[in-house]
Amino acid sequence: MTPVLSSTGLVLHNLGLAAGFGGSLFGKLALNPAVRGVGSQEERGRVVNAAWNGFNVINAASVGVAALTWLVGRSRLTGREIDGTTRRLVLAKDLLLGATVALGAANILGGASLAKQAPEGAVPVEMGLKPTVRTPEKAARTMQALDVGGVVNLFTLAGVIGVTALLNMRAGSSWRWAGVSRFLP
């Protein structure tokens, strides 16, 4: 793999992780609370569902690019060319990235399901994924699952970012890993 191709892969990988993490964090901490300023509870639900389901396309593409670049580079490793500590970090990244992809898919499907529970996604909400007393039970359960899934997904994404940083630091301190890491994002 050429240095230009591996550098491009690393940039795409990191941008994918950044977009997925940053967008999800923004939605959870800024968008969801901000809809309290919208007058009706149904309109809040419509706005939140439209925003999250719109971002889901970007999030899926971003995390998908991060996973794809990792898998392409990862497929070039046999495991014999790295030490035990690095091997454990690579496996940790595999697990965290797999969990991130699975949780992201579940959240996308759950969000689409929630939006279909009322015309134009206008499920009554207090804010973000906090139901009101008027929220139908099925929608309230979906919101609770999405809320928990979103938090866990943020933690797995943060874990992927942290392990990626550790692997990059190891590349600078290990001649063996430095040679191999040219092929990984």
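Residues are classed here as nonpolar (Ala, Val, Leu, Ile, Met, Phe, Trp, Tyr, Cys and Pro), as charged (Asp, Glu, Lys and Arg) or as polar (the others, Gly among them). The model is a predicted one, in which local features need pLDDT of at least 70 and side-chain atom pairs count only at pLDDT 80 or more, whereas totals for chains, interfaces and linings use all residues. Residues are numbered from 1 along each chain as its sequence is written, and side-chain values use heavy atoms, with hydrogens and water left out.

A search of the whole structure for cavities (sets of points on a 1 Å grid over the protein atoms alone where a 1.4 Å probe fits but cannot get out) returned one of 30 Å³ or more. The lining (residues with an atom within 4 Å of a point) comprises 20 residues, with W52, N56, N107, L129 and L146 nearest the centre. By class, eight of the lining residues are nonpolar, 10 polar and two charged. Among the helices (DSSP runs of H or I of at least four residues, numbered from the N terminus), α1 (3-34), α2 (41-74), α3 (84-115) and α4 (137-173) each supply at least two lining residues, and the largest share, seven residues, comes from α2.

The residues of α2 in contact with α3 (heavy atoms within 4.5 Å) include N56, A60 and W70, and those of α3 include L97, V101 and I108. The residues of this contact divide into 13 nonpolar, five polar and three charged.

Notes
1 Å grid on protein atoms, 1.4 Å probe; cavity = no way out; pocket = protein on both sides within 12 Å on 5 of 7 lines; lining within 4 Å. Points joined across faces, edges and corners; volume = space filled by probe spheres on them.
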